[in-house]
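Work through the exercises below with the sequence and the model open beside you. Each task is followed by a solution that goes step by step.

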Amino acid sequence: MGDFNFSYCVWIPLIPLFSFLILGLFGNKFKEKLTGILGTLALGIIFALSLYTAYEYFFVHGLVNGTYQKIIAINVTWLQFTDKLHINMGVLLDPISVMMLVVVTTVSFMVHLYSIGYMKGERGVERYFAFLSLFTFSMLGLVIATNIFQMYIFWELVGVSSYLLIGFYYQKPSAVAASKKAFIVTRFADLGFLIGILILSFITGTFDFITLTDPAGEAIHRGAEIGFMGMSVMTWAMLLIFMGGAGKSAMFPLHIWLPDAMEGPTPVSALIHAATMVVAGVYLVARLFPIFHFSAQPALNIIAYVGGFTSLFAAVIACTQLDIKRVLAFSTLSQIGYMMLALGVSGYGSHDGLGFMASNFHLFTHAMFKALLFLGAGAIIHAVHSNYMNEMGGLRKHLPITHATFLIACLTIAGLYPLSGFFSKDEILAAAFHKDKLLFAVEYCVAGLTAFYMFRLYFVVFWGKDTQYHHKPHEAPFTMTIPLMFLAIASVFAGFIPFSELVTSDSIPFEGEIDWMIAIPSIAVGLLGILIAMIMYRKENNYPARMAATLKYLYRWSFNKFYIDEIYLFITKKIIFRYIARPVAWFDRHMVDGTMNGIAGMTNVISFRIRGLQSGQLQKYGFVFITGALALALVFIYLWTK
Amino acid sequence: MDYLTYFIIVPLLTVFGIVLCKNDKQVKWTAVIGMSIQLILAAALVFMYLAERKAGNMAEFLFYHDYMWYPALNIRYTIGVDGISVAMVALTSVIIFTGIFASWEVTNLHKEFFISLILLATGVFGFFICVDLFTMFLFYELAVIPMYLLIGIWGTGPKEYSAMKLTLMLMGGSALLLVGLIGLYFNSAPGGGALTFNLIEISKVQIPMEAQRFLFPMTFVGFGILGALFPLHTWSPDGHSSAPTAVSMLHAGVLLKLGRYGAFRVAMFLMPEAAHELGWIFLILTTISVVYGAFGAIQQKDLKYINAYSSVSHCGLVLFALLMMNKTAMDGAIMQMVSHGIMTALFFALIGMIYGRTHTRIIDEMGGLMRVIPFLGVAYVIAGLASLGLPGFSGFVAEMTIFVGSWQHVDTFHRVATIIACSSIVITAVYILRVIGILLLGPVRFDWYNQLTDARWYEKLSVGFLIVCIAGIGIAPLWLSNMIGDSLVPVVEKLNMISFIR
């Protein structure tokens, strides 16, 4: 690392923060156009800064003695808990954080640029750009966190930015409900995260990532011998932390918020719910990977299976959805499942750590092509004013640029050589092959399904029947098409980045190669998926209907997303609201407060009864006095004579 | 004259000034000037305190002064502050300052209203700076009486009922408290010598265990009623919902804290053995109240009731953390008192302002207000996010300090209690977002909403100031945490010494 000073990196999150404050406080005084330009400009600066940092880190100063260094560029104490435990705020640079810096700033910059065109004429554009800046700030703070509590802080902040942006169209009840759902589901997951942090920090006595994840260090091996319910305490801690990650990355069964989150503006879906925030869970697991590997293997296995299951589950649902954004949302779930699975099957160190590398690789390429898909979907929605693919068709003539870039993205996600999706997916399949044959088989199926549902979407929207539109659809303005083209180029060429020489589990570069024995069948499966989709959807025909009729139950369950939402509704509405909250409210009003009122009432009644004694009549007082005196006298005489 | 006494003199002079005022405008501005001076005094006190500490003055109470008042019983006017009371004084001055602006639109009997309000504040300030238990009690009683009048006269809804309920329950608490304090007095010199009410003197002696067993519940419950301890909290929802805005603010913001502060300073500090022995009972009660309050809030329809139950939950967390009896958790507890104080004052101020426009507090009868009154809407969202513990606001800092502190106990009982308390962060999110969703978001409910005016300058000032305070603490918490933490050292040492002996 030498004498190079990375402390300028602190500006990377701070610039969006300032842009948030300026737009949030004074945005309503600016012209609409200015707010967009201001926000985009801020992002442009940090995009350049991040690329510069990546260059300096990966190619100039980062690699020392064959290992990428972990560089703490800046670190200040923010809050002191105990002598040992304190929250710092700082900047940590290592291969994964630098990679994430590039991912976040690239996508965010593109989305900002795109939004200038997309949000034109909407009410509250300044609010929109302010929230986007807030999100970018939080996400960058999360990425460069030096300790797990800093990460948790920004984790909550990205959660709230996501809440605000999903509910951007706040006058629409469905958007309000979706934003609420997203926040509460992820909050529930964060409860697990928080408790996990409490356990982890109690065992190891630190929040600091470098101390925690040093394989030779002492912290990582603590707590392995203390058992609790069949697993070590460390495993429990890591599982709970993973629960937080699963919430944010929408892993089954905490995935229900993500499809609904599509109520937000489409660029937001591209940025937050496809490329950056939803992969925070993957990033979290990658960040703590040494602990998972050395002290919590069972947790890692669970991650692999959760990831594998989610990828299959979501891919099946994606095949039947009609809302194009929902198809993409389930596709995102499925792809994140891939990344989780890759981490779960990964080992530690050079070739054993293939899964780790593949996961980050896929995170990178997925961010590019999924952002592209969402932005393309945005351009489509912008043109036809509908989300539903059964109201679309034949759009390739009207939207040539969108069509071309969308096709590239579809081919990339289907994993065709030499597009970037091929390389990263191939590494994941290779990693799974060496660890677990069952998961490997599942991933092959998912690869085929992915190609199928993406090309179903593609053919229905761009080919299919020639639909009559109210207005002739127009190609999007250049502020929207430039990001599309940029991301398309990135999707095509990102695969040639030698990831195995940059981002590895132990920060030591290794030679990566393509295992053609695995790659060729996977391309074949992809092509098969595309072929089936082409037969079924390129021209209007009755195959889809016959297919749905044949697989009646599967189709219905898939279409209804396996009724998971209904189960959640039952738990929240019926059990929590009706059987807990309402009785508590009743108990409080009638039992607790009733007792208090009862005491007061009793006092009232008693005083009312004895009030009559104080009548003010002398004769009555005299009578009572003499009677009493006589009675007492009798008692005393009785006692005395006894 | 010593510096701290100004905190009593200035409000009293303000009251006197208000008596001489001729019209509504003069009354308000006199109150504003008086409470601004008070705010400046409090800010100066914080800086002076930090400077003294930095200069190496390690005395337990700074700015300490002692005047004999009633020699026959050795009752003294003894004042002094440590980091905790400084934080409380600052909190009180912020809330009364913003409270004045929030009651700008009081229509009837303004003179009497502001006199009572400022008298109430005087009692609170006096309570926090006193070190002598008897004078402390005196100031406490001084705060309760104006409260009755304020709710009974300027309140809304079933105000007589609420005022009576509140006063009777608090008086019941006072009765227990008085017994407790007198008991402490008679045990203050077990080795012979002059009996005393002085907190510092009593803390130096060992109160016999039999007496502690009796006196600890007396004082703890006595103060606990004021601090809305489950199941003696029911005065609070009714009281809040009937009280005028500024009173709700002061009440939830400061008076609840007064109970917590007393429970900490008198019951736990003076009787650590009993705190250790009986603490678990109260720990169970407070753990219940944290979750119970949150669940209670989910189903309420009246904005003020929601906030009152939310206060039960948040304030439950304060006592919960105090009973954890380690430095981190207690530090969090005091920060939660400050944080919740400002936050809830903000809530009540906003509720008052919304009520002033829509003339209802039932959330089902409103909707889509964000569009028509954006300033108040945004402020309400900020208050809500702060309340559900968003980082960047004070609530997060306090809650996390509490949870990390509580987790330092290894036994299962404390662990389970901590997990239950942690779960409140989810339930809080549920009821906060429910209110925001129904009240502010969605389509504009009625056409006549479009004629509503957004916040006026005094409302903006009041709300903006409170938001700045919450965000300030949330962004830079270290100074506050350290200021409180240093003053906790003697208390924690005393509590730990006991557990060590055992």
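This is a predicted model: local features need pLDDT of at least 70, side-chain atom pairs count only at pLDDT 80 or more; totals for chains, interfaces and linings use all residues.

Residues are numbered from 1 along each chain as its sequence is written, and chains are lettered from A and ligands numbered from 1 in the order in which they are written.

**Exercise 1.** Determine whether the radius of gyration of chain B agrees with that of a compact globule.

Solution. Begin with the rule, which is 2.2 Å times the number of residues to the power 0.38, the radius being taken over C-alpha atoms. For 502 residues the rule gives a value near 23 Å, and chain B has 22 Å, which agrees. Then look at burial: 61% of the 502 residues in chain B are buried, a residue being buried if 20 or more other C-beta atoms, placed from the backbone, lie within 10 Å of its own.

**Exercise 2.** Describe how helices α5 and α6 of chain B pack.

Solution. Two packed helices are described by the angle between their axes and the distance between the axes. Helix α5(B) (residues 133–154) and helix α6(B) (residues 159–186) have axes 9 Å apart, at an angle of about 175 degrees, where axes are lines fitted to C-alpha atoms over the stretch in contact and angles run from 0 to 180 degrees between N-to-C directions. Angles over 145 degrees count as roughly antiparallel, and α5(B) and α6(B) are therefore roughly antiparallel to each other.

**Exercise 3.** Is B:I225 buried or exposed?

Solution. First locate B:I225, which lies in helix α8 (residues 209–226) of chain B. Next count the C-beta neighbours inside 10 Å; there are 21, so B:I225 counts as buried. Finally, list its contacts (C-beta atoms, placed from the backbone, within 7 Å): leaving out residues up to four places away in sequence, B:I225 touches B:M169, B:L170, B:G172, B:G173 and B:L232.

**Exercise 4.** Which helix gives the largest share of the side of chain A that touches chain B?

Solution. Start from the totals, in which 37 residues of chain A are in contact with 39 residues of chain B. Elements of chain A that each supply at least two residues to this side include α5 (148–166), α6 (173–204) and α23 (564–611). The largest share, 12 residues, comes from α6(A).

Notes
Two residues are in contact if their C-beta atoms, placed from the backbone, lie within 7 Å. Helices (H or I, at least four residues) and strands (E, at least two) are DSSP runs, numbered from the N terminus. A residue is buried if 20 or more other C-beta atoms lie within 10 Å of its own, exposed if 12 or fewer, and partly exposed in between; C-beta atoms are placed from the backbone. Angles under 35 degrees count as roughly parallel, over 145 as roughly antiparallel, 65 to 115 as roughly perpendicular and the rest as oblique.
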